[in-house]
Amino acid sequence: MTEATVFDRRMIEALVCPVTQAVLTYDAERQELVSKAAHLAFPIRDGIPIMLVSEARAID
């Protein structure tokens, strides 16, 4: 594991849902941060979480 990987993981763990302020879970397979409270999945593109509601995918 590289230092960049550790930094990215810490950054992701520090993020919260922009809608509900709830904790996000990381879906490695889809490269998304999931807010179960808001029923939204925020994409991670090129290692950067896109925390815009307009970019989020609705989930069940």
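Contact here means heavy atoms within 4.5 Å. By that rule, residues 24 or more positions apart account for 20% of the contacts in the protein with a separation of 6 or more.

This is a predicted model, in which local features need pLDDT of at least 70 and side-chain atom pairs count only at pLDDT 80 or more, while totals for chains, interfaces and linings use all residues. Residues are numbered from 1 along each chain as its sequence is written, and side-chain values use heavy atoms, with hydrogens and water left out.

## Overall layout

The protein has one helix and five strands. Along the sequence they follow the pattern α-β-β-β-β-β. Helices (H or I, at least four residues) and strands (E, at least two) are DSSP runs, numbered from the N terminus.

The protein has 60 residues, and 27% of them count as buried. Buried means under 20% relative accessible area, exposed means over 50%, and partly exposed lies in between (1.4 Å probe, protein chains only). The accessible surface comes to about 4,400 Å². Carbon and sulfur atoms hold 55% of that surface. Areas come from the Shrake-Rupley method with a 1.4 Å probe; for residues, only the protein chains shown count as cover.

## Strand pairing

Two strands pair if DSSP finds at least two bridges between them. Strand S1 (residues 25-27) and S2 pair in the antiparallel sense over three bridges. Thr25 has Val34 in S2 as its bridge partner. The hairpin of S1 and S2 has four residues between the strands, and Gln31 takes a positive phi near 55 degrees there.

S2 also pairs with S3, in the antiparallel sense, over four bridges. Ser35 stands opposite Leu40 in S3. This hairpin has four residues between its strands, and His39 in the turn has a positive phi of about 60 degrees.

Which way do the S2 side chains point? Glu32 and Val34 point one way, Leu33 and Ser35 the other way, and all are buried.

## The nonpolar core

A nonpolar core is a set of buried Ala, Val, Leu, Ile, Met, Phe, Trp, Tyr and Cys residues joined through side-chain atoms within 4.5 Å. The largest one has nine residues: Ile12, Cys17, Leu24, Leu33, Ala38, Leu40, Phe42, Ile44 and Ala56. Strand S3 (residues 40-45) gives the largest share of this core, three residues.

Ile44 sits in strand S3. It is buried, at 10% relative accessibility. Beyond four places in sequence, Ile44 is in contact with Ile12, Tyr26, Gln31, Glu32, Leu33 and Pro49. The C-alpha atoms of Ile44 and Gln31 are separated by 5.4 Å, although the two residues are 13 apart along the chain.

Ala38 lies in the loop between S2 and S3. Not counting residues up to four places away in sequence, Ala38 touches Cys17, Val19 and Thr20. Its C-alpha atom is separated by 10.0 Å from that of Leu24, 14 residues apart along the chain.

## Charged pairs

How many salt bridges does a search of the whole structure find? It finds two. A salt bridge is a side-chain nitrogen of Lys or Arg within 4 Å of a carboxyl oxygen of Asp or Glu.

| Pair | N to O distance |
|---|---|
| Arg57 and Glu32 | 2.8 Å |
| Arg45 and Glu55 | 2.9 Å |

Take Arg57 and Glu32 first. The pair links distant parts of the chain: Arg57 is in strand S5 (residues 57-58), Glu32 in strand S2, 25 residues apart. Arg57 is partly exposed, with a relative accessible area of 33%. Glu32 is buried, at 8%.

Glu32 belongs to strand S2 (residues 32-35). Leaving aside neighbours within four places in sequence, Glu32 is in contact with Thr25, Tyr26, Asp27, Ala41, Phe42, Pro43, Ile44 and Arg57.

Now Arg45 and Glu55, joined in the other salt bridge. Arg45 lies in strand S3 and Glu55 in the loop between strand S4 (48-49) and S5, so the pair ties together parts that are 10 residues apart in sequence. Arg45 counts as partly exposed, at 40% relative accessibility. Glu55 is also partly exposed, with a relative accessible area of 33%.
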